[in-house]
Amino acid sequence: MNSYGNTMPKSGSSSSYLPVPLLIERVARLTEKERLFKLSANGRAFTFDPGQFFMAGLPGYGEAPFSIASGSGKAAEADGSFELCIKAVGNLTNAIHRLKKGDTLWVRGPFGRGFDVNGSSPLRGMKGRDILFIAGGIGIVPMRGLIKTILGDRESFGALTLVYGFKDPEGILFAGEMEDWKASGMAALLTVDKPAPGLSPLKGWKGHVGVVTTVIPGLEINPSKTVAVIIGPPVMYRFAIKSLWDKNIARDDIYLSLERRMKCGVGKCGHCQIGGIYACQEGPVFKLSELKDMPDAL
Amino acid sequence: MPENAEKIRPKAAFFSFTCCEGCQLAVLSCEDELPDILRALNIVYFREAMTEKRVEPSQREDYDIAFVEGSVTTQKEITKLKHIRKKAKTVIALGACSSTGGLNCLKNRFPMDFVKKTVYGKYAEKYKKTFETLPVRPIDSIIKVDCYLHGCPISKTEFLSAFTALLMGKTPITQNYPVCVDCKMAGNICVFEKGMTCLGPVTRAGCDAVCVTYGCICWGCRGLVDDPNVSAHKETLKRYGLTAESMLRSFDLYGNCSLRKSGSLGVRPAKK
Amino acid sequence: MEKFSFLSNKEFRKLVEGLTGSFTVYGTVRKDARLSAAGDGFPAYGRISCFEDLVLGLTPTHLSAKEFLFPQRETLLKFDIEKMTHAAVVEAVDQVIIGLHPCDIHAVGLMDRVFAYGKPDVNYLARRAKTVIIGTDCMPDRFCFCKSVDTMNVDAGFDIFLHRVKGVEPPQGAGPPQNGFLVRTATDRGKTILSKYAKAKKASLKQLDEIAAFEKKREDSFTAHIDAPAGQLPEIYSKSDESPVWERIGAICYGCGSCNNVCPTCYCFDVKDEMKSNLNEGERVRVWDGCTLEDFAKVTGGHNFRRTRSDRLRHRFNRKFNYLTGRFGALFCVGCGRCSRTCLVQINISEVTNELIREYNAKKRQ
């Protein structure tokens, strides 16, 4: 089985670990914890699919993977700029939150396989279908990229439905944009785990209460026409998948974006390995059917 | 240095409770880096390093960073410690005594009266108030601790990385893997292979396995990792010929308090 | 057989001394002699600064040679926050590693594949390109099982390979027998080095017989085996996720990462920033990491995708026998037995594999 021939590896030209400093064009405070950073492409032609990620970091603070929050295709920014939504949870992200317009952020990427909405990868098959987006918490960030991309080419897709949930009304992301999305022809159902009265500007929450997966059984779904996309915290997937199975949606029509620890982004460091696949290379977007026999995938 | 540097330099203080003060000495032995440290920190209290008399914590207004060395053994110390917590934004436990109780915990094996009598003889009874003593506790049993620098003494490298982290607004990282990792990296032959035993497989790393590298064994001074496999280690020690008693002793040397902390003896650190 | 030539001990010494004069040389040494049971020390890799440092052992070293190609701590970037500068760092010096056994040479080949995969890793590949590998023959101990994973022999992946021979009569029939090596070269670089520093002679038939006999003895000396063909192991492992074995060995595992650190094909790493005390200059470094350590698969927010030691051991074993075979076309266990040798709770990789094979076969019969 092992025989290597006489191949002496040749050294390439550039380091995989050299970041590009990008200018921050705008910082928008979304919630207490989340900020949206618009990064200038500085003349570089970044092309990406929704669902792909950048390794973003700062000197002295390390780097971490962040999903792209921007749309691509017809929804891409003309100047190549893009947005990352960053939640302050640790040393790096707290430091990033201290940055202002005009500061620089180090990025490498884009990495991984995203949702290939228009293209020819094995993930094609979204065009012409009904799409059910299921997002939990910060999972709305990569979902936003996907939704914007799809809304940019609205007539190519069937019915669009977004089900999305947050812990409490305080944490709701992109509430304003949601109205635009609805106006562009997407149904949206918002839910919160708990209304947390008194804390919220949305005092006296009137909307749906309960985790995202509790909303799914009530939806009208045509299983043969529907593609479902799930992005959320690790605990959400099993329940969401179960409720989609109850609706008879096939494994091939369920798409997931999996969060993993990542240190390199280029398929070397081993942290994001799930069974035989690297989430940073073959993922983070997968079809459920691709994750069969992988004990720690979900 | 900008003119207002004095204002922006964070105020730091080093306090010492029951211990040998060796961890403060370890800080002072960072000779190459001391100028950088002094440039970055406004050290307002450091008894072991300062000749001038500085204000005691009870009078001081506040501290940005309080490094606290030593374990707690008297009521007076408890009061002082609570004072420090009130006035400090960040409290760092400096070394084994403050973070796990350290060697001092050996005292806890005996009744306090017996301990007092052994040390002070007939004076124990005569000066009851003066020689008041409590079972040894790590400081987090009294106050909330923001970050731990483990070890007896602390590792200079870890202290310096905590220093840079704090100055850059980061929470210093505490390793959560056993000493075996450091020991393998150091290229050491396992002490078990050399006919000895050690506590490395359940002890928190970060020390570069200096003890084993220089011919000793790991006594577990950095306390247990978050999820130690203590039962497996007892089996291993048994297999290598240790009796139950000698096993407990080796765990007790530094581990007494940290075993308690891990829940097996029922004492938990204070929430806040 | 043209490919072998004879290098007397005297010439071998010249070779090693020539190399130490021009390269950074690492090789097999003996460590802590006083504390070893036999009194001759433990086999390990170390810096070779003179011929006497080198001890070509027959049994594997406790750590592998991977640290010379994939250092425990390696700088990837240097930066200065105040000056707002940063640059990639690639450090590589001309170096020689002497004393790798066939399993270790196979392991280097696997590391080559890992770091050349996708976007090539220049840090590893630059160092690899500047590394001369000199292998030597070996004799299995009770943990070695390279015979079962097809890594017992090597034809490539080294520059020079040394087979020990003894008892060669000197030309005039005087003086003590001259021991030495039959050498093979697999690269032009190996040939050049050999002819530059030493004079090799034609190998005699007697010498060839001698190494053939040695190899026969070696092949018969294995006591550890894997009871299934190497090619079947990925399939067996892929059907063993539910095996009770993981629970059992997870209960006794420390999660100490020793198996990862001694393994010649474990390549996982962490990346972190280290600052100098002046708070301006810093480095982004990569350091070895291990999939059996508790926090390896933990993400921000605290979710751990392999929370238990059982989960992590199952992952590590699968990485050796299953997960990577599709991508790299080879098993990632080379049978060196280092993880079993180092494991304090005696988790033995060949025994665990055999247990899974037994379960697999039993299930199949049902």
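**Figure 1. The two domains of chain B in the predicted model.** The centres of domain 1 of chain B and domain 2 of chain B, taken over C-alpha atoms, are separated by 26 Å. Domain 1 covers residues 5-167, and domain 2 covers residues 179-261.

**Figure 2. Contact between domain 1 of chain B and domain 2 of chain B.** Domain 1 of chain B contributes 15 residues to this contact, and domain 2 of chain B contributes 14 residues. On the domain 1 side, helix α5 (residues 96-100) of chain B provides the largest share, three residues. By class, this side of domain 1 of chain B consists of six nonpolar, eight polar and one charged residues.

**Figure 3. The side of chain C that touches chain A.** Here, 60 residues of chain C are in contact with 40 residues of chain A. Several helices and strands of chain C each supply at least two residues of this side; among them are the strands β4 (73-80) and β5 (85-88) and the helices α2 (102-116) and α3 (122-129). The residues of the side of chain C that touches chain A comprise 31 nonpolar, 14 polar and 15 charged.

**Figure 4. Helix α2 (residues 140-151) of chain A and its buried residues.** This helix is largely enclosed by the rest of the structure, because 11 of its 12 residues are buried. The buried residues of α2(A) include Ile140(A), Val141(A), Pro142(A) and Met143(A).

Notes:
Residues numbered from 1 in each chain as written. Chains lettered and ligands numbered in written order. Predicted model: local features only at pLDDT ≥ 70, side-chain atom pairs only at ≥ 80, totals over all residues. Domains from an automatic or database assignment. Contact = placed C-beta atoms within 7 Å. Helix = DSSP H or I, 4+ residues; strand = E, 2+ residues; numbered from the N terminus. Nonpolar A, V, L, I, M, F, W, Y, C, P; charged D, E, K, R; others polar. Buried ≥ 20, exposed ≤ 12 C-beta atoms within 10 Å, placed from the backbone.
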